Amino acid sequence: MSYDEQLELKQKHQEGILSQLCQHLTGDFQSHFSLSDRRKLSFPVLSILPSPVRDGYRNKSTFSVNRGVDGNPKTVGFYVGTGRQGTILCINGDHLLNMPEKHKLVARCYQDFIRQSSLEPCLLFHTGGHWREVTVRTNAEGHTMAIVYFHPQMLTPDEVAVHKAELLDYFTQGPGSLCQLDSVFFQESTMTRCTHEESPYQLLHGQPHIYEEVLGFKFRISPDAFFQVNQSAAEVLYSTVRNLCFPNNKEGGGRTKPAGTLLDVCCGTGAIGITVSPLVDRVIGIELIEQAVVDARHNAALNNVLKCEFIPGKAEVVLPGLMSHLSPAGGGLTAVVNPARAGLHHRVVRALRNEPAIRRLVYVSCKPEGEAMRNFRELCCAPSLQKKLTGEAFSPTLAVPVDMFPHTPHCELVLLFER
(Lines give C-alpha, C1' and ligand atoms only; values in the text may rest on other atoms or scores of the structure.)
Protein backbone atom coordinates (compact mmCIF):
# COMPACT_ATOMS: atom_id res chain seq x y z
CA MET A 1 0.00 0.00 0.00
CA SER A 2 1.05 3.60 -0.53
CA TYR A 3 1.62 5.47 2.72
CA ASP A 4 -1.54 7.55 2.23
CA GLU A 5 -3.54 4.32 1.81
CA GLN A 6 -2.00 2.91 4.99
CA LEU A 7 -3.02 6.02 6.95
CA GLU A 8 -6.57 5.90 5.59
CA LEU A 9 -6.91 2.23 6.58
CA LYS A 10 -5.62 2.89 10.12
CA GLN A 11 -7.87 5.95 10.54
CA LYS A 12 -10.96 3.88 9.65
CA HIS A 13 -9.86 1.06 11.93
CA GLN A 14 -9.43 3.40 14.91
CA GLU A 15 -12.79 5.09 14.25
CA GLY A 16 -14.45 1.69 14.12
CA ILE A 17 -12.99 0.72 17.51
CA LEU A 18 -14.02 4.04 19.07
CA SER A 19 -17.54 3.82 17.68
CA GLN A 20 -17.88 0.48 19.54
CA LEU A 21 -16.89 2.32 22.73
CA CYS A 22 -19.50 5.02 22.05
CA GLN A 23 -22.20 2.41 21.43
CA HIS A 24 -21.34 0.73 24.71
CA LEU A 25 -21.43 3.97 26.68
CA THR A 26 -24.75 5.15 25.20
CA GLY A 27 -26.32 1.68 25.40
CA ASP A 28 -27.09 2.02 21.68
CA PHE A 29 -26.69 -1.61 20.66
CA GLN A 30 -29.28 -1.42 17.88
CA SER A 31 -26.85 0.21 15.48
CA HIS A 32 -25.89 -3.17 14.05
CA PHE A 33 -28.93 -2.64 11.81
CA SER A 34 -27.11 0.18 10.04
CA LEU A 35 -23.47 0.22 8.98
CA SER A 36 -23.38 4.03 9.00
CA ASP A 37 -24.40 4.06 12.67
CA ARG A 38 -21.24 2.17 13.51
CA ARG A 39 -19.36 5.34 12.71
CA LYS A 40 -21.41 7.37 15.18
CA LEU A 41 -18.92 9.03 17.48
CA SER A 42 -19.82 11.18 20.47
CA PHE A 43 -16.44 12.95 20.49
CA PRO A 44 -13.95 14.13 17.84
CA VAL A 45 -11.33 11.77 16.40
CA LEU A 46 -8.59 13.84 14.80
CA SER A 47 -6.85 12.79 11.59
CA ILE A 48 -4.08 10.29 12.15
CA LEU A 49 -0.67 11.91 12.67
CA PRO A 50 1.86 10.41 10.22
CA SER A 51 5.32 9.18 11.09
CA PRO A 52 7.97 11.70 9.97
CA VAL A 53 10.18 8.74 8.93
CA ARG A 54 8.56 5.87 7.05
CA ASP A 55 11.41 3.55 6.02
CA GLY A 56 14.16 2.08 8.21
CA TYR A 57 12.66 3.71 11.29
CA ARG A 58 13.08 0.86 13.78
CA ASN A 59 15.72 1.48 16.44
CA LYS A 60 15.43 -2.05 17.84
CA SER A 61 15.21 -5.40 16.06
CA THR A 62 15.43 -8.95 17.42
CA PHE A 63 16.49 -11.65 14.96
CA SER A 64 15.71 -15.30 15.69
CA VAL A 65 17.73 -18.42 14.81
CA ASN A 66 16.08 -21.46 13.21
CA ARG A 67 15.92 -23.58 10.07
CA GLY A 68 15.91 -21.66 6.81
CA VAL A 69 14.22 -22.56 3.53
CA ASP A 70 17.30 -24.63 2.63
CA GLY A 71 17.08 -26.54 5.93
CA ASN A 72 20.13 -24.86 7.49
CA PRO A 73 19.40 -24.57 11.24
CA LYS A 74 21.87 -21.68 11.54
CA THR A 75 19.67 -19.16 9.72
CA VAL A 76 19.16 -15.71 11.28
CA GLY A 77 15.99 -13.75 10.58
CA PHE A 78 12.23 -13.86 11.24
CA TYR A 79 9.69 -16.64 11.50
CA VAL A 80 6.94 -17.52 9.06
CA GLY A 81 4.58 -20.40 9.73
CA THR A 82 3.42 -21.68 13.13
CA GLY A 83 4.95 -23.82 15.84
CA ARG A 84 1.70 -25.72 16.36
CA GLN A 85 1.67 -26.96 12.79
CA GLY A 86 5.44 -27.48 12.75
CA THR A 87 5.77 -25.20 9.73
CA ILE A 88 8.16 -22.59 11.17
CA LEU A 89 10.85 -21.36 8.79
CA CYS A 90 13.38 -18.62 9.40
CA ILE A 91 13.61 -16.02 6.61
CA ASN A 92 16.22 -13.27 6.49
CA GLY A 93 14.85 -9.75 6.88
CA ASP A 94 16.80 -7.94 4.17
CA HIS A 95 13.61 -7.01 2.26
CA LEU A 96 11.83 -5.37 5.23
CA LEU A 97 11.12 -1.67 4.73
CA ASN A 98 10.83 -0.74 8.41
CA MET A 99 14.32 -1.96 9.33
CA PRO A 100 17.54 0.06 8.87
CA GLU A 101 20.42 -1.37 6.83
CA LYS A 102 22.64 -1.49 9.93
CA HIS A 103 20.32 -3.99 11.64
CA LYS A 104 20.28 -6.19 8.54
CA LEU A 105 24.09 -6.07 8.34
CA VAL A 106 24.51 -7.18 11.99
CA ALA A 107 22.06 -10.05 11.39
CA ARG A 108 23.97 -11.21 8.30
CA CYS A 109 27.27 -11.08 10.21
CA TYR A 110 25.82 -12.96 13.19
CA GLN A 111 24.60 -15.67 10.79
CA ASP A 112 28.08 -15.85 9.27
CA PHE A 113 29.60 -16.16 12.75
CA ILE A 114 27.33 -18.93 14.08
CA ARG A 115 27.76 -20.90 10.82
CA GLN A 116 31.52 -21.04 11.42
CA SER A 117 31.12 -21.76 15.15
CA SER A 118 31.59 -25.34 16.39
CA LEU A 119 28.50 -24.96 18.61
CA GLU A 120 24.97 -25.78 17.47
CA PRO A 121 22.09 -23.28 17.57
CA CYS A 122 19.50 -23.57 20.34
CA LEU A 123 16.22 -24.15 18.49
CA LEU A 124 14.36 -25.79 21.41
CA PHE A 125 15.77 -25.58 24.92
CA HIS A 126 15.33 -29.28 25.70
CA THR A 127 17.09 -30.48 22.51
CA GLY A 128 20.36 -28.71 23.28
CA GLY A 129 22.34 -26.16 21.30
CA HIS A 130 23.61 -22.75 22.34
CA TRP A 131 23.35 -19.81 19.94
CA ARG A 132 20.04 -17.99 20.28
CA GLU A 133 18.75 -14.67 18.97
CA VAL A 134 20.53 -11.35 18.55
CA THR A 135 19.01 -7.94 19.36
CA VAL A 136 20.31 -4.83 17.62
CA ARG A 137 19.66 -1.32 19.00
CA THR A 138 20.63 1.91 17.28
CA ASN A 139 20.10 5.62 17.86
CA ALA A 140 19.63 8.59 15.51
CA GLU A 141 23.40 9.20 15.48
CA GLY A 142 24.00 5.65 14.24
CA HIS A 143 25.53 4.25 17.44
CA THR A 144 24.90 0.50 17.54
CA MET A 145 24.48 -2.00 20.37
CA ALA A 146 24.28 -5.78 19.79
CA ILE A 147 23.03 -8.23 22.43
CA VAL A 148 23.68 -11.94 21.83
CA TYR A 149 21.61 -14.50 23.76
CA PHE A 150 23.25 -17.85 24.54
CA HIS A 151 22.05 -21.04 26.25
CA PRO A 152 24.95 -22.48 28.29
CA GLN A 153 23.38 -25.98 28.58
CA MET A 154 26.10 -28.10 30.28
CA LEU A 155 29.12 -25.98 29.32
CA THR A 156 31.48 -24.91 32.11
CA PRO A 157 32.15 -21.17 32.58
CA ASP A 158 35.62 -21.67 31.08
CA GLU A 159 34.13 -23.31 27.98
CA VAL A 160 31.57 -20.50 27.61
CA ALA A 161 34.43 -17.97 27.91
CA VAL A 162 36.15 -19.47 24.84
CA HIS A 163 33.06 -18.90 22.68
CA LYS A 164 32.51 -15.41 24.10
CA ALA A 165 36.08 -14.58 23.07
CA GLU A 166 35.46 -15.94 19.55
CA LEU A 167 32.28 -13.84 19.26
CA LEU A 168 34.08 -10.71 20.44
CA ASP A 169 37.02 -11.29 18.11
CA TYR A 170 34.68 -11.78 15.13
CA PHE A 171 32.87 -8.46 15.73
CA THR A 172 35.91 -6.37 16.75
CA GLN A 173 38.80 -7.80 14.70
CA GLY A 174 37.21 -10.16 12.17
CA PRO A 175 34.66 -9.83 9.31
CA GLY A 176 32.01 -8.49 11.72
CA SER A 177 34.11 -5.39 12.47
CA LEU A 178 32.48 -3.65 9.48
CA CYS A 179 29.33 -3.41 11.69
CA GLN A 180 31.29 -0.87 13.81
CA LEU A 181 29.52 -1.91 17.00
CA ASP A 182 29.72 0.57 19.88
CA SER A 183 28.55 -2.07 22.41
CA VAL A 184 28.54 -5.86 22.46
CA PHE A 185 26.53 -7.56 25.23
CA PHE A 186 26.22 -11.28 25.99
CA GLN A 187 23.51 -12.88 28.11
CA GLU A 188 23.56 -16.51 29.23
CA SER A 189 19.91 -17.41 29.43
CA THR A 190 18.17 -20.70 30.21
CA MET A 191 14.72 -19.11 29.82
CA THR A 192 12.90 -17.47 26.94
CA ARG A 193 13.33 -14.05 28.58
CA CYS A 194 15.63 -13.14 31.46
CA THR A 195 15.84 -9.82 33.27
CA HIS A 196 19.21 -8.28 34.08
CA GLU A 197 18.63 -9.34 37.72
CA GLU A 198 18.03 -12.98 36.75
CA SER A 199 21.00 -13.19 34.40
CA PRO A 200 23.25 -10.14 33.99
CA TYR A 201 23.94 -8.61 30.59
CA GLN A 202 27.71 -9.00 30.25
CA LEU A 203 29.42 -6.11 28.46
CA LEU A 204 32.09 -7.68 26.23
CA HIS A 205 33.04 -4.52 24.35
CA GLY A 206 32.44 -0.77 24.25
CA GLN A 207 29.98 1.47 26.03
CA PRO A 208 27.34 0.21 28.51
CA HIS A 209 24.63 2.50 27.03
CA ILE A 210 23.61 4.41 23.94
CA TYR A 211 21.69 7.68 24.15
CA GLU A 212 18.71 9.04 22.23
CA GLU A 213 17.21 12.52 22.13
CA VAL A 214 13.46 13.21 22.17
CA LEU A 215 11.97 16.73 22.20
CA GLY A 216 15.28 18.15 23.37
CA PHE A 217 15.68 15.68 26.26
CA LYS A 218 18.36 12.99 26.34
CA PHE A 219 17.58 9.38 27.30
CA ARG A 220 19.91 6.56 28.29
CA ILE A 221 19.17 3.20 26.70
CA SER A 222 20.27 0.05 28.56
CA PRO A 223 20.23 -3.37 26.81
CA ASP A 224 16.73 -4.21 28.12
CA ALA A 225 15.27 -0.70 28.56
CA PHE A 226 11.94 0.04 26.88
CA PHE A 227 12.13 2.84 24.35
CA GLN A 228 9.66 3.66 21.59
CA VAL A 229 10.79 1.80 18.48
CA ASN A 230 10.36 4.84 16.19
CA GLN A 231 12.21 7.87 17.57
CA SER A 232 10.82 10.52 15.20
CA ALA A 233 7.23 9.33 15.69
CA ALA A 234 7.85 9.17 19.46
CA GLU A 235 8.35 12.94 19.33
CA VAL A 236 4.93 13.26 17.65
CA LEU A 237 3.38 10.93 20.24
CA TYR A 238 4.87 12.69 23.28
CA SER A 239 3.98 16.15 21.90
CA THR A 240 0.39 14.92 21.50
CA VAL A 241 0.32 13.56 25.06
CA ARG A 242 1.76 16.83 26.38
CA ASN A 243 -0.86 18.91 24.54
CA LEU A 244 -3.75 16.74 25.75
CA CYS A 245 -2.54 16.70 29.36
CA PHE A 246 -2.05 20.47 29.53
CA PRO A 247 -3.78 22.15 26.55
CA ASN A 248 -3.49 25.69 27.93
CA ASN A 249 0.21 25.54 28.80
CA LYS A 250 2.28 26.33 25.76
CA GLU A 251 5.89 25.85 26.71
CA GLY A 252 8.40 28.43 25.56
CA GLY A 253 6.27 31.60 25.77
CA GLY A 254 7.13 32.01 29.43
CA ARG A 255 3.61 33.30 30.16
CA THR A 256 2.00 30.23 31.67
CA LYS A 257 3.45 28.89 34.88
CA PRO A 258 3.58 25.13 35.59
CA ALA A 259 0.33 23.67 36.88
CA GLY A 260 -0.32 20.80 39.25
CA THR A 261 0.96 17.24 39.35
CA LEU A 262 1.33 14.66 36.59
CA LEU A 263 0.82 11.05 37.60
CA ASP A 264 2.63 8.85 35.04
CA VAL A 265 1.47 5.24 35.35
CA CYS A 266 3.56 2.54 33.59
CA CYS A 267 6.22 5.22 33.13
CA GLY A 268 8.99 2.99 31.74
CA THR A 269 12.25 4.95 31.55
CA GLY A 270 10.43 8.22 32.27
CA ALA A 271 10.04 9.62 28.75
CA ILE A 272 6.50 11.02 29.10
CA GLY A 273 7.04 12.50 32.57
CA ILE A 274 10.35 14.11 31.64
CA THR A 275 9.09 15.58 28.34
CA VAL A 276 5.97 16.98 30.08
CA SER A 277 7.90 18.23 33.14
CA PRO A 278 8.28 21.89 32.00
CA LEU A 279 4.48 22.24 32.20
CA VAL A 280 3.95 20.89 35.74
CA ASP A 281 5.04 21.44 39.34
CA ARG A 282 5.66 17.76 39.97
CA VAL A 283 5.85 14.40 38.17
CA ILE A 284 5.31 11.05 39.90
CA GLY A 285 6.04 7.95 37.84
CA ILE A 286 5.18 4.35 38.74
CA GLU A 287 6.89 1.41 37.01
CA LEU A 288 7.02 -2.35 37.61
CA ILE A 289 10.50 -3.04 36.11
CA GLU A 290 13.17 -1.94 38.58
CA GLN A 291 15.90 -1.43 35.95
CA ALA A 292 13.54 0.93 34.11
CA VAL A 293 13.12 2.96 37.33
CA VAL A 294 16.91 3.18 37.67
CA ASP A 295 17.06 4.43 34.07
CA ALA A 296 14.18 6.88 34.65
CA ARG A 297 15.92 8.40 37.67
CA HIS A 298 19.15 8.63 35.70
CA ASN A 299 17.35 10.28 32.76
CA ALA A 300 15.76 12.88 35.04
CA ALA A 301 19.17 13.70 36.55
CA LEU A 302 20.82 13.70 33.11
CA ASN A 303 18.37 16.39 31.97
CA ASN A 304 18.54 18.28 35.29
CA VAL A 305 14.81 17.67 35.86
CA LEU A 306 14.48 17.83 39.63
CA LYS A 307 10.68 17.65 39.90
CA CYS A 308 10.36 13.96 38.90
CA GLU A 309 9.96 11.12 41.38
CA PHE A 310 9.91 7.49 40.19
CA ILE A 311 8.49 4.69 42.34
CA PRO A 312 9.13 0.99 41.61
CA GLY A 313 6.31 -1.51 42.07
CA LYS A 314 2.97 -2.72 40.76
CA ALA A 315 0.75 0.26 40.01
CA GLU A 316 -2.26 -1.50 41.58
CA VAL A 317 -0.30 -1.81 44.87
CA VAL A 318 1.43 1.60 44.85
CA LEU A 319 -1.45 3.79 43.65
CA PRO A 320 -4.04 3.48 46.44
CA GLY A 321 -1.53 4.44 49.15
CA LEU A 322 -0.02 7.17 46.99
CA MET A 323 -3.41 8.81 46.38
CA SER A 324 -3.88 9.62 50.06
CA HIS A 325 -0.66 11.69 49.95
CA LEU A 326 -1.53 13.40 46.65
CA SER A 327 -5.09 14.54 47.31
CA PRO A 328 -4.26 17.70 49.27
CA ALA A 329 -1.83 18.91 46.58
CA GLY A 330 -2.89 22.14 44.91
CA GLY A 331 -3.08 22.79 41.19
CA GLY A 332 -4.96 19.62 40.26
CA LEU A 333 -3.91 16.12 39.31
CA THR A 334 -3.59 14.85 35.73
CA ALA A 335 -2.92 11.18 35.01
CA VAL A 336 -1.33 9.63 31.94
CA VAL A 337 -1.26 5.85 31.46
CA ASN A 338 0.78 4.03 28.84
CA PRO A 339 0.36 0.30 29.56
CA ALA A 340 1.53 -2.69 27.57
CA ARG A 341 -0.88 -4.51 25.23
CA ALA A 342 -2.51 -6.26 28.18
CA GLY A 343 -3.89 -2.93 29.43
CA LEU A 344 -4.20 -1.78 33.05
CA HIS A 345 -4.91 -4.08 35.99
CA HIS A 346 -8.53 -3.54 37.12
CA ARG A 347 -7.28 -2.37 40.53
CA VAL A 348 -5.29 0.41 38.82
CA VAL A 349 -8.42 1.51 36.96
CA ARG A 350 -10.32 1.41 40.26
CA ALA A 351 -7.70 3.59 42.01
CA LEU A 352 -7.75 6.16 39.18
CA ARG A 353 -11.53 6.17 38.94
CA ASN A 354 -12.01 6.57 42.71
CA GLU A 355 -9.60 9.51 43.05
CA PRO A 356 -11.72 12.68 42.75
CA ALA A 357 -8.66 14.95 42.33
CA ILE A 358 -7.97 13.47 38.85
CA ARG A 359 -10.03 15.54 36.43
CA ARG A 360 -8.18 14.62 33.25
CA LEU A 361 -6.70 11.28 32.17
CA VAL A 362 -4.74 10.58 28.98
CA TYR A 363 -4.60 6.91 27.91
CA VAL A 364 -1.96 5.85 25.37
CA SER A 365 -2.88 2.49 23.85
CA CYS A 366 -1.05 0.38 21.28
CA LYS A 367 -4.02 -2.03 21.09
CA PRO A 368 -7.29 -0.26 21.92
CA GLU A 369 -9.46 -3.12 20.66
CA GLY A 370 -7.96 -5.52 23.24
CA GLU A 371 -7.95 -5.36 27.03
CA ALA A 372 -7.69 -1.57 26.87
CA MET A 373 -11.37 -1.46 25.80
CA ARG A 374 -12.31 -3.02 29.16
CA ASN A 375 -10.30 -0.26 30.86
CA PHE A 376 -12.13 2.44 28.84
CA ARG A 377 -15.52 1.01 29.84
CA GLU A 378 -14.61 0.86 33.54
CA LEU A 379 -13.36 4.45 33.50
CA CYS A 380 -16.62 5.64 31.92
CA CYS A 381 -19.40 3.37 33.27
CA ALA A 382 -22.01 4.45 35.82
CA PRO A 383 -20.77 4.21 39.43
CA SER A 384 -21.00 0.62 40.69
CA LEU A 385 -20.64 -0.58 44.27
CA GLN A 386 -20.39 -4.16 43.03
CA LYS A 387 -17.33 -3.31 40.88
CA LYS A 388 -16.00 -0.93 43.58
CA LEU A 389 -16.06 1.87 40.98
CA THR A 390 -17.61 4.56 43.15
CA GLY A 391 -15.92 7.66 41.72
CA GLU A 392 -17.47 10.06 39.23
CA ALA A 393 -17.33 8.65 35.68
CA PHE A 394 -14.93 9.93 33.05
CA SER A 395 -16.05 10.72 29.49
CA PRO A 396 -13.94 10.34 26.35
CA THR A 397 -13.61 13.83 24.83
CA LEU A 398 -10.90 13.56 22.14
CA ALA A 399 -8.92 10.87 20.33
CA VAL A 400 -5.72 11.21 18.29
CA PRO A 401 -4.29 8.23 16.35
CA VAL A 402 -0.50 8.39 15.86
CA ASP A 403 1.22 6.19 13.28
CA MET A 404 4.28 4.79 15.05
CA PHE A 405 4.60 1.75 12.79
CA PRO A 406 4.51 2.41 9.02
CA HIS A 407 4.20 -0.71 6.80
CA THR A 408 2.42 -2.62 9.58
CA PRO A 409 -1.27 -2.66 10.67
CA HIS A 410 -0.34 -1.26 14.10
CA CYS A 411 -1.03 2.22 15.43
CA GLU A 412 -0.95 4.12 18.74
CA LEU A 413 -4.13 5.79 20.00
CA VAL A 414 -4.05 8.70 22.42
CA LEU A 415 -7.44 9.07 24.14
CA LEU A 416 -8.40 11.94 26.45
CA PHE A 417 -10.89 11.29 29.27
CA GLU A 418 -12.33 14.12 31.34
CA ARG A 419 -14.76 14.57 34.21
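Figure 1. At 55% relative accessibility, glutamate 101 counts as exposed (exposed means over 50% relative accessible area, buried under 20%, partly exposed in between, with a 1.4 Å probe and protein chains only). Lysine 104 is buried, at 4%. The two form a salt bridge, with the closest N and O atoms 3.4 Å apart (a salt bridge is a side-chain nitrogen of Lys or Arg within 4 Å of a carboxyl oxygen of Asp or Glu). Both residues lie in helix 2, three residues apart, about one turn of the helix (helices, H or I, of at least four residues and strands, E, of at least two are DSSP runs, numbered from the N terminus). The model is predicted: local features need pLDDT of at least 70, side-chain atom pairs count only at pLDDT 80 or more, and totals for chains, interfaces and linings use all residues. Numbering runs from 1 along each chain as its sequence is written, and side-chain values use heavy atoms, with hydrogens and water left out.

**Figure 2. Further salt bridges.** A search of the whole structure finds twelve salt bridges. One of them joins arginine 108 to aspartate 94, with the closest N and O atoms 3.2 Å apart. This pair links distant parts of the chain: arginine 108 sits in helix 2 (residues 101-116), aspartate 94 in the loop between strand 3 (89-91) and helix 2, 14 residues apart. Arginine 108 is partly exposed at 39% relative accessibility. Aspartate 94 is partly exposed at 32%. Aspartate 295 forms a salt bridge with arginine 220, their closest N and O atoms being 2.9 Å apart. That pair also links distant parts of the chain: aspartate 295 belongs to helix 6 (residues 290-302) and arginine 220 to strand 9, 75 residues apart. Both aspartate 295 and arginine 220 are buried. Elsewhere, Arg132, Glu133 and Arg193 are linked in a network of salt bridges.

**Figure 3. Arginine 137, buried without a salt bridge.** Arginine 137 lies in strand 4 (residues 131-138). It is buried yet has no salt bridge; aspartate 224, the nearest side chain of opposite charge, is 6.3 Å away (Lys and Arg count as positive, Asp and Glu as negative; His and the chain ends are not counted). The backbone oxygen of proline 223 lies 3.1 Å from a polar atom of the arginine 137 side chain.

**Figure 4. Strand 1 between its partners.** Five of the seven residues of strand 1 (residues 60-66) are buried, so the strand is largely enclosed by the rest of the structure. Strand 1 pairs with strand 4 in the antiparallel sense over four bridges (two strands pair if DSSP finds at least two bridges between them). Here threonine 62 stands opposite threonine 135. Strand 1 also pairs with strand 2 (residues 75-80), antiparallel, over three bridges. Serine 64 stands opposite glycine 77 in strand 2.

Figure 5. The bridge partner of valine 214 is phenylalanine 217 in strand 9. Four of the five residues of strand 9 are buried, so it is largely enclosed by the rest of the structure. The hairpin has two residues between its strands, and leucine 215 takes a positive phi near 50°. Leucine 215 is partly exposed, at 24% relative accessibility.

**Figure 6. Helix 7 and its buried side.** Ala315, Glu316, Val318, Leu319, Leu322, Met323 and Leu326 are buried in helix 7 (residues 315-326). They cover an arc of only 145° around the axis, which puts them on the same side of the helix (the arc is that of the directions from the helix axis to the C-beta atoms). Exposed Val317, Ser324 and His325 are carried on the face turned away from the buried side. The cover over the buried residues includes strand 10, strand 11 (282-287) and helix 8 (346-353) (contact means heavy atoms within 4.5 Å).

**Figure 7. Asparagine 338 and cysteine 266.** Asparagine 338 is in the loop between strand 13 and helix 8. It is buried, with a relative accessible area of 17%. Beyond residues up to four places away in sequence, asparagine 338 touches Gln228, Val265, Cys266, Ile272 and Val364. Cysteine 266 lies in the loop between strand 10 (261-265) and helix 5 (271-276). Its phi is near 65°, a positive value in a residue other than glycine.

Terms used: A polar contact is a pair of N or O atoms within 3.5 Å; within protein, one must be able to donate a hydrogen and the other to accept it, and residues adjacent in sequence count only if both atoms are side-chain atoms.
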